[in-house]
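Open the model in your viewer and keep the selection panel at hand.

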Amino acid sequence: MFGKENAVVNIRTQVYNAIKENICDGRYEPGQRLNEVELARSLSVSRSPVREALRRLAADGLVVELPNRGVFVREFTPQDIQEIFDVRVLLESYCIQRSVQFMTTEHKQELMRCLDQITYYHERQDMKKHIEADCQLHGLIIRIGGNRLVEDMYQRISAQVQQFRIYSLESKRRFRESLVEHTTVVHCLLTGNVEEADRVNRRHLELARDKINEYLISKQTNQRHAALQIEQNRAKHDCHTRQSQNKQLYHSVRSKNSFQFGIACAAFLNGLFHFLVRFATEIERLYDAHTLDIFQCGAYQILLCCLPFRRYFL
């Protein structure tokens with residue numbers, strides 16, 4: 001029975017770690033919706049461990065759950081990054097100050113191994129491996145502090161910025177400076193110069209924070225520009241559509257008015273011819289052939305011309 005329970009716990013932990021790793025590595029992008037069914041299918045598990053993993057990730061601050069919408073990868077703002085790095089500075093400074101008391105020979109050996117790895121991957125320009133070694137070094141500094149509560153807190157906030165670490169080292173200059181800073185911090189810790197180690201490490205974290213915020217601000221600016229461009233294109237399209245509709249309406253009204261004017265003219269002419277024909281017919285009836293001479297004028301001749309058209313109007 002215990003074996004079965006351990007297997008269940010192991011599956012839940014594996015699912016949690018898999019989703020967390022995908023978020024920290026950037027495979028799940030900020031703002032991306034995490035569909036419970038799709039995650040369960042891709043991990044070949046039931047929905048229960050996925051649901052539990054998403055709850056844990058929400059508690060870790062890596063995802064947010066929006067009512068009636070679902071679970072989304074958390075989107076961080078420059079203010080979020082500022083606050084996270086403020087806490088990192090406090091925790092790492094605390095552990096550096098305590099390193100004199102808790103430093104062991106094994107810790108010193110681990111520090112040198114971490115620095116060797118950082119140097120090795122820097123020389124080969126392997127950014128991913130370099131960042132992994134960087135994380136191990138900072139995690140080791142926290143462990144040297146000898147406070148498990150601080151370790152738990154650090155792991156939580158460190159995971160929140162893991163996906164942005166690469167942006168703090170994008171420039172070659174910053175990549176080189178980072179190596180120098182790590183080397184100085186390690187050497188100061190090994191010699192017990194905690195004040196200098198703390199100062200350099202603070203500066204190192206502040207520069208990383210600033211680079212990440214530059215990326216976030218640039219991304220937000222680009223998104224605003226893209227949204228503005230889309231809005232402008234939509235407004236331009238709507239304007240062209242309205243102009244086209246107005247032209248169609250104008251031609252339609254003009255055509256309708258022309259048609260109505262034609263009908264009015266036809267009705268007027270019909271009434272006029274109707275009157276003239278009736279008038280000419282009445283004249284023809286009232287006057288016989290002997291008295292027609294008095295009507296041998298132009299007007300009467302015009303009236304007589306209307307007689308052949310009587311059948312069309314009467």
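For helices, an axis here is a line fitted to the C-alpha atoms of the stretch in contact, and an angle between axes runs from 0 to 180 degrees between N-to-C directions. Keep in mind throughout that this is a predicted model.

**Stop one: the helix pair**

Select residues 36-43, which form helix H2, and residues 47-60, which form helix H3. The axes of H2 and H3 lie 9 Å apart, and the two helices pack at an angle of about 115 degrees. Their crossing is right-handed.

Now show side chains. On H2, pick Glu-36, Val-37, Leu-39 and Ala-40; on H3, pick Arg-47, Val-50, Arg-51 and Leu-54. These residues make the contact between the two helices. Sorted by class, the contact of H2 with H3 has five nonpolar and three charged residues, and no polar ones.

**Stop two: the cavity**

How many cavities of 30 Å³ or more does a search of the whole structure find? The search finds one. The volume of the largest cavity is about 120 Å³.

To centre the view there, select Asp-134, Arg-165, Ser-168, His-204 and Ala-208, which are the closest to the cavity's centre of the 14 residues lining it.

Next, colour helices H4 (78-102), H6 (127-144), H8 (172-191) and H9 (194-286); each supplies at least two residues of the lining of the largest cavity. Which helix gives the most to this lining? H9 does, with four residues.

Finally, colour the lining by class: six residues are nonpolar, four are polar and four are charged.

Terms used:
Residues numbered from 1 in each chain as written. Predicted model: local features only at pLDDT ≥ 70, side-chain atom pairs only at ≥ 80, totals over all residues. Heavy atoms only, no water. Left-handed = near helix turned anticlockwise from the far one by under 90°. Contact = heavy atoms within 4.5 Å. Nonpolar A, V, L, I, M, F, W, Y, C, P; charged D, E, K, R; others polar. 1 Å grid on protein atoms, 1.4 Å probe; cavity = no way out; pocket = protein on both sides within 12 Å on 5 of 7 lines; lining within 4 Å. Points joined across faces, edges and corners; volume = space filled by probe spheres on them.
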